Amino acid sequence: MAVLVTGGAGYIGSHTCIELLNAGEDIVVIDNFYNSKPRAIELIKEITGRDFAFYENDCCDESALDRIFAENFITEVIHFAGYKAVGESCLKPVMYYENNLQSTISLLKVMQKYGCKKLVFSSSATVYGIPAKVPVTEKMKLSAINPYGSTKLIIENMCRELYASDKEWSIALLRYFNPIGAHESGKIGEDPNGIPNNLMPLILRAASGKMATLSVFGNDYPTPDGTCVRDYIHVVDLALGHVAAIKSVRKETGCPAYNLGTGKGYSVLEIINAFEKVNGVKIPYVIAARRPGDAAECYSNPDLAKKKLGWTAERGIEQMCRDSWNYIKNNA
Ligand code: UFG
């Protein structure tokens, strides 16, 4: 019996594989290394001292998925595989719809064929669009403001409709806020192929001199220091949220959504200051124009995950900044 992890070599996927293995779960991993590297698979095995089956395949490939289910007794699936860059999704919407929807449709078809009806889906706080108020609760109105967000919302709806059609399904939709940080070993962390576009990978580039200055997108928002506020969450806490979600889909059917965040908001300048203080390095930055589509504030109310999954984020902002930098220093 094993949990299938799609996109298990990626940033959140690899940290989740480690926590699943540490919790005594058996896993099978599929990844096509589109935005990850084979080394991540070796490192997961090295860090945990555990072995598992790995398939280098695309999740859109239904026959490959079928083979994985035929060769392994898969009892639950955590579906991470997908494209995730908001800006790129605006430039290549068809590519995003094709990949993110096709992979999920292929997966759900094969799961149905093999009678595997327990799924944890990698959703995102993006499904709240520009939130009308903060903190954001799961009951708030959903909307998509870019193609990436549309794919997440469509998949969430598909899951809700699937459960409505067959009450044997047990699906947890996990809405991530802003994952940063890295494994405490310093061996794995965020390692995107190409130029990053999220705040922490760019702070790391500025800190290590790979980028001259970081642009802070806007300082005239209605927030305490004028810069945008987000709910940054340590990737290991996020990974542990998946272990809790797997236990929950085993226990009860349904299709609930859970916010996975800390419930605390930090501004861009607060993150820069915390990073500089904890790590003793300077982040050269300039104030730049606002980035289109950014909400002034977005942070979670994580109470439902606490109540239903028994999960809360425990790692603070200092540890997030320290572990992010530690990973870069170790892998320079
Ligand atoms: N920012 C900068 N400069 C940069 C990059 C980012 O100032 O060079 C700011 C942004 O304006 C924003 C904050 O840093 O205020 C965080 O930006 P990210 O791009 O790291 O994250 P977002 O909150 O925009 O988006 C993240 C994920 C999305 C997800 C969304 C859900 O990247 O996948 O959260 O809320 F959809």
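How many of the 9 residues of helix α7 are buried? The model is a predicted one.

**Whole chain**

Start with everything shown as a cartoon. The protein has 11 helices and 14 strands. Its radius of gyration is 19 Å, close to the 20 Å that the globule rule gives for 332 residues, so the protein is as compact as a globular protein of that length. Along the principal axes, the C-alpha atoms fill a box of roughly 55 × 45 × 40 Å.

Switch to a surface. The accessible surface comes to about 14300 Å², and carbon and sulfur atoms account for 51% of it. Of the 332 residues, 55% are buried. If contacts are drawn between residues at least 6 apart in sequence, 80% of them join residues at least 24 apart.

Now colour by charge. There are 36 positive and 37 negative side chains, and the centres of the two sets lie 3 Å apart.

**Helix α7**

Select residues 199-207, which form helix α7. The helix is mostly covered, with 8 of its 9 residues buried. The buried ones are Leu199, Met200, Pro201, Leu202, Ile203, Leu204, Ala206 and Ala207.

**Glycine 209**

Step past the end of α7 to glycine 209, in the loop between α7 and β8. This glycine takes a positive phi of about 80°. Glycine 209 is exposed, with a relative accessible area of 60%. Select proline 284 as well: the C-alpha atoms of glycine 209 and proline 284 are 9.2 Å apart in space, while the two residues are 75 apart in sequence.

**Lysine 152**

Next, select helix α6 (residues 147-165) and show lysine 152, which lies in it. Which side chain of opposite charge is nearest to lysine 152? That side chain is glutamate 156, at 8.8 Å. Lysine 152 is buried and has no salt bridge; a salt bridge here requires a side-chain nitrogen within 4 Å of a carboxyl oxygen.

Show what surrounds lysine 152. Leaving aside neighbours within four places in sequence, its contacts are Phe121, Ser122, Ser123, Ser124, Thr126 and Val127.

**Asparagine 99**

Move to helix α5 and select asparagine 99. At 12% relative accessibility, asparagine 99 counts as buried. Not counting residues up to four places away in sequence, asparagine 99 touches Asp58, Cys60, Gly82 and Tyr83.

**Salt bridges**

Show the Lys, Arg, Asp and Glu side chains. The structure holds 20 salt bridges.

Begin with lysine 113 and aspartate 66, whose side chains meet at 2.6 Å, N to O. Lysine 113 lies in helix α5 (residues 93-113) and aspartate 66 in helix α3 (residues 62-71), so this pair ties together parts that are 47 residues apart in sequence. Lysine 113 is exposed, at 57% relative accessible area.

Go on to glutamate 190 and lysine 84. Their salt bridge has its closest N and O atoms 3.8 Å apart. The pair links distant parts of the chain, 106 residues apart: glutamate 190 sits in the loop between β7 and α7, and lysine 84 in the loop between β4 (74-79) and α4 (86-91).

Then select lysine 45 and aspartate 51, which form a salt bridge of 3.1 Å, N to O. Lysine 45 counts as partly exposed at 27% relative accessibility, and aspartate 51 is exposed at 60%.

For the last stop, select Glu25, Glu76 and Arg250, which are linked in a network of salt bridges.

Definitions and conventions. Residues numbered from 1 in each chain as written. Predicted model: local features only at pLDDT ≥ 70, side-chain atom pairs only at ≥ 80, totals over all residues. Heavy atoms only, no water. Helix = DSSP H or I, 4+ residues; strand = E, 2+ residues; numbered from the N terminus. Rg over C-alpha atoms; globule rule 2.2 N^0.38 Å. Buried < 20%, exposed > 50% of the residue type's maximum accessible area, 1.4 Å probe, protein only. Contact = heavy atoms within 4.5 Å. Areas by Shrake-Rupley, 256 points an atom, 1.4 Å probe, with all protein chains shown as cover. Lys, Arg positive; Asp, Glu negative; His and termini not counted. Charge placed at Lys NZ, Arg CZ, Asp CG, Glu CD.
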